[in-house]
Amino acid sequence: MSSIFTKIINREIPSDIVFENETIIVIKDINPEAKTHLLIIPKKEIETINDLESEDTQLIADMFFVAKKVANDLWISEWYKLHFNVWKKWWQIVMHLHLHLLSNI
Ligand code: 5GP
């Protein structure tokens, strides 16, 4: 079953999109835990870090380069943190891989 993030990627539900390319979308978190709280989401449906395959190596690298670019564009490149939640049905609520980018600047 498609996740809510796939619906966002397909424009079936609205979101505040910060960046998008062929393989990745970056949106503002609907329930921010910091002044800046973005979600870097691969368009490919991968549930968790544990589901990565070797063919996803470039995609994961690209997620970090997108994080770096977005932080730079927002002038927070010296003050942010990145994290993945990986714990089904607790920390990771949305079962579609996503990298959190948070900053209080
Ligand atoms: P997780 O706990 O799965 O790592 O984090 C999922 C994040 O997605 C949460 O921070 C939550 O606020 C955010 N989120 C859930 N549903 C939506 C949505 O429909 N739109 C946006 N923009 N963020 C969402």
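Predicted model: local features only at pLDDT ≥ 70, side-chain atom pairs only at ≥ 80, totals over all residues.
1. The residues in question are Leu 59, Ile 60, Met 63, Val 66, Ala 67, Val 70 and Ala 71. Seen down the helix axis, they fall within an arc of 130°, so they line one face of H2.

2. **The other side of the helix.** Turned away from that buried side is a face with the exposed residues Thr 57, Gln 58, Phe 65 and Lys 68.

3. **Length and end of H2.** The helix has 17 residues, which should span 24 Å at 1.5 Å a residue; the end C-alpha atoms are 25 Å apart, so the two agree. Just after H2, Trp 75 takes a positive phi of about 60°.

4. **The largest nonpolar core.** This core has 17 residues, and those touching the most other members are Ile 24, Val 26, Ile 40, Met 63, Val 66, Val 70 and Leu 101. At least two residues each come from strand S2 (24-28), strand S3 (36-42), helix H2 (57-73) and strand S5 (99-103). H2 gives the most, with seven residues. Another core lies apart from this one; it has seven residues, among them Phe 5, Ile 8, Ile 27 and Ile 41.

5. **Met 63 in detail.** Leaving aside residues up to four places away in sequence, Met 63 touches Ile 24, Ile 40, Pro 42, Phe 84, Leu 97, His 98 and Leu 99. Of these partners, His 98 is also among the residues that come nearest to the ligand.

6. Is Ser 3 buried or exposed? Its relative accessible area is 12%, and because buried means under 20%, Ser 3 counts as buried. Ser 3 sits in the segment before helix H1 (4-9), and its side chain makes a polar contact of 2.8 Å with that of His 96. Beyond residues up to four places away in sequence, Ser 3 touches Glu 45, Val 94, Met 95 and His 96.

7. **Around the ligand.** There are 16 residues around the ligand, and Asp 29, Trp 91, Ile 93, His 98 and His 100 come nearest. A polar side-chain atom of Asp 29 is 2.4 Å from a ligand oxygen atom. Backbone atoms take part too: a polar one of Ile 93 lies 2.7 Å from an oxygen atom of the ligand, and a polar one of Ile 30 lies 3.2 Å from a ligand nitrogen atom.

Note on methods. Residues numbered from 1 in each chain as written. Heavy atoms only, no water. Core = buried A, V, L, I, M, F, W, Y, C linked by side-chain atoms within 4.5 Å. Buried < 20%, exposed > 50% of the residue type's maximum accessible area, 1.4 Å probe, protein only. Helix = DSSP H or I, 4+ residues; strand = E, 2+ residues; numbered from the N terminus. Contact = heavy atoms within 4.5 Å. Expected span 1.5 Å × (residues − 1). Arc of directions from axis to C-beta. Polar contact = N/O pair within 3.5 Å; in protein donor to acceptor, adjacent residues only side chain to side chain. Near = heavy atom within 4 Å.
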